[in-house]
Structure formats: structure tokens, C-alpha cells
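This report describes a protein chain through its loops, its rings and a pocket. Please look at the sequence and the structure first.

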Amino acid sequence: MRKKLLYLIFATSTLTYAQLPVSLLESAKRITMYDDYEGSVYQTLRYQDASVIDEKSGTFDAKLRYNIYKDRIEHQKDNELHQIVKSPTTHVRVDGDYFYFCEFKTQRGFKKNGYYVLVELNEQYRIYKRYTLKIKDPDMKGSVSGNAIPGSIQTITTYYLEERGTIMELPMNRKEMLATLGDKSEQMKAYIKKEKIKLRKEEDLIRLVSRYNALKSIDSGPSRSLLTNSGRN
């Protein structure tokens, strides 16, 4: 059975909310260089009803939005822009997404710090997603009329499988995914076909990893790690 996404600290029904303290805010500079581009550097244009959960000081209500370009969660106070302090002990809910500032590393040992959104919580593993941007600058040469083709911004969502602080990117290509799950590739191939799994559908991706974990749990070896069969970064 699928685990609930929320950690115990997000059981908001028993918490008392207060105004965001200054100690959880840092001054931030506005980003204007992409204002004329099609698309946005923000997850949502408007500030959303949100909660900040600080493990040391409590839970607070605020209007927030996630700046993908700067990988920061912003708050406007007295017409001044601030960001929530980036800390592994400070978590944020914005518009249904639960952001955690994580200090992960890849299987090759490279650091991958930043905000990750929790998608699935399991005793053995977790699935996160992370937002990044694909930015295309204006093109003067591409227009017949001589007017520049405006720049564009596209949000990219990447999914990661995490075990004990180490992450592996989950590819959206079927062939690459089967290679990633190499030791169970034949079983997973059959499962994808039978269940008509679409890798770009979040619910299907969760089901796929859950099935892989179930197959690994049958192994009699000392390690059931889901990350032992891939050298992906």
C-alpha cells in the first residue's frame, strides 16, 4: 500500500500557526532579466497560501512562491523581497508541493544540494522531484519580419530515487529505465507492458518503483538497495 507523503511534522491539524519570524528570512534581490520571456522562472506567478515548518521553532503561515531559477522560496514582507532560509530542518508546503532542502549526493559522490519535492515516502526509499528551467534567449535572426523571436522559459521536472542520502535520476525513456533497473529488467519490461505504464505519469512512476522494490525484497542477498545497479549521476 502506498505510504502517505507527509512526515509527522506536516500533521497540521494539531499545530498552531503564527507569523513568520525574521530568523527564518533572508533578504533577496528581485530577478527581472526574464520578465519579457514567454513562461516564468516561478512555479506559480502568484504568492500562494503556504506553511513553513521549522523543526526548532514551530509552524508558520505565509504567502510564498518558489523561484525555480534561483532555487529559493520567496516571501514578500513590507514590499521587500525575502527568501526562506535554506536549511535541512526547515520545510515548506507551497500549493500542494512539500519542499525539503536536501543535501544529497549522487552514486558517484557528487553533491546535489537544493530543494526537492517529496513525492513518495517508503521505509526503504523515497521518490523526489526537482524543478529546473530550460531557457531559450530571444532570436533576432529567426524572424522574417525582423522582430526578435521572444525568449522562452520551460519548466523541467526530474524525478529521483533516494536511499539514505544518495540519489539516482529516474529516466523518462523506457529503454534507459530498463537499463537503470538492470537486474530486474525482464520482469520490469513485462510489468510495464502489462500495466501500460507511462513513465511521464507520476502515479505510474511511483507504481513502477514500488514493483521494483517488491522484486528486490524477494532477493536473498544481504543488500536490497535499489541503487546498486546503475552508474547514473
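D78 lies in the loop between β5 (72–77) and β6 (80–84); strands (E, at least two residues) and helices (H or I, at least four) are DSSP runs, numbered from the N terminus. The model is a predicted one, in which local features need pLDDT of at least 70 and side-chain atom pairs count only at pLDDT 80 or more, while totals for chains, interfaces and linings use all residues. Residues are numbered from 1 along each chain as its sequence is written, and side-chain values use heavy atoms, with hydrogens and water left out.

**Two loop residues**

Most residues other than glycine have a negative phi. D78 is not a glycine, yet its phi is positive, about 55 degrees. R164, found in the loop between β11 and β12, is also a residue other than glycine with a positive phi. The table lists both residues with their relative accessible areas; exposed means over 50%, buried under 20%, and partly exposed in between, with a 1.4 Å probe and protein chains only.

| Residue | Phi | Relative accessible area |
|---|---|---|
| D78 | about 55 degrees | 68%, exposed |
| R164 | near 50 degrees | 66%, exposed |

**The chain as a whole**

The protein chain has three helices and 12 strands. Of its 233 residues, 44% count as buried. Among contacts with a separation of 6 or more, 60% join residues 24 or more positions apart; contact means heavy atoms within 4.5 Å.

**Rings**

A search of the whole structure finds 11 aromatic pairs. Rings of Phe, Tyr and Trp (its six-membered ring) pair if their centres lie within 6.5 Å; planes under 30 degrees apart count as stacked, over 60 as edge-to-face and the rest as tilted. One of the pairs is Y66 with Y131, which is tilted, with 6.4 Å from centre to centre and 50 degrees between the planes. Y66 belongs to strand β4 (residues 58–67) and Y131 to strand β10 (residues 126–136), so this pair ties together parts that are 65 residues apart in sequence. Y66 is buried, with a relative accessible area of 1%, and Y131 counts as buried at 11%. Ring pairs also link these two with F99, F101 and Y115 into a cluster.

Other rings have a charge over them, a term used if NZ of Lys or CZ of Arg is within 6 Å of the ring centre and within 35 degrees of the ring normal. The charged end of R65 sits over the ring of Y42, 3.6 Å from its centre. R130 lies over the face of Y116, and here the distance to the ring centre is 4.9 Å.

**The largest pocket**

Which residues line the largest pocket? They are I156, T157, T158, Y159, E169, L170, M172 and R200. A pocket is defined on a 1 Å grid over the protein atoms alone, as an open set of points where a 1.4 Å probe fits, with protein on both sides within 12 Å along at least five of seven lines; lining residues have an atom within 4 Å of a point. The space in the largest pocket is about 170 Å³, a volume being the space filled by probe spheres set on the points.

β11 (152–163) and β12 (166–170) each supply at least two lining residues, and the largest share, four residues, comes from β11.

M172 is placed in the loop between β12 and α1 (174–180). Leaving aside neighbours within four places in sequence, M172 is in contact with Y159, L199, R200 and L205. The C-alpha atoms of M172 and R200 are separated by 6.1 Å, although these residues are 28 apart along the chain.
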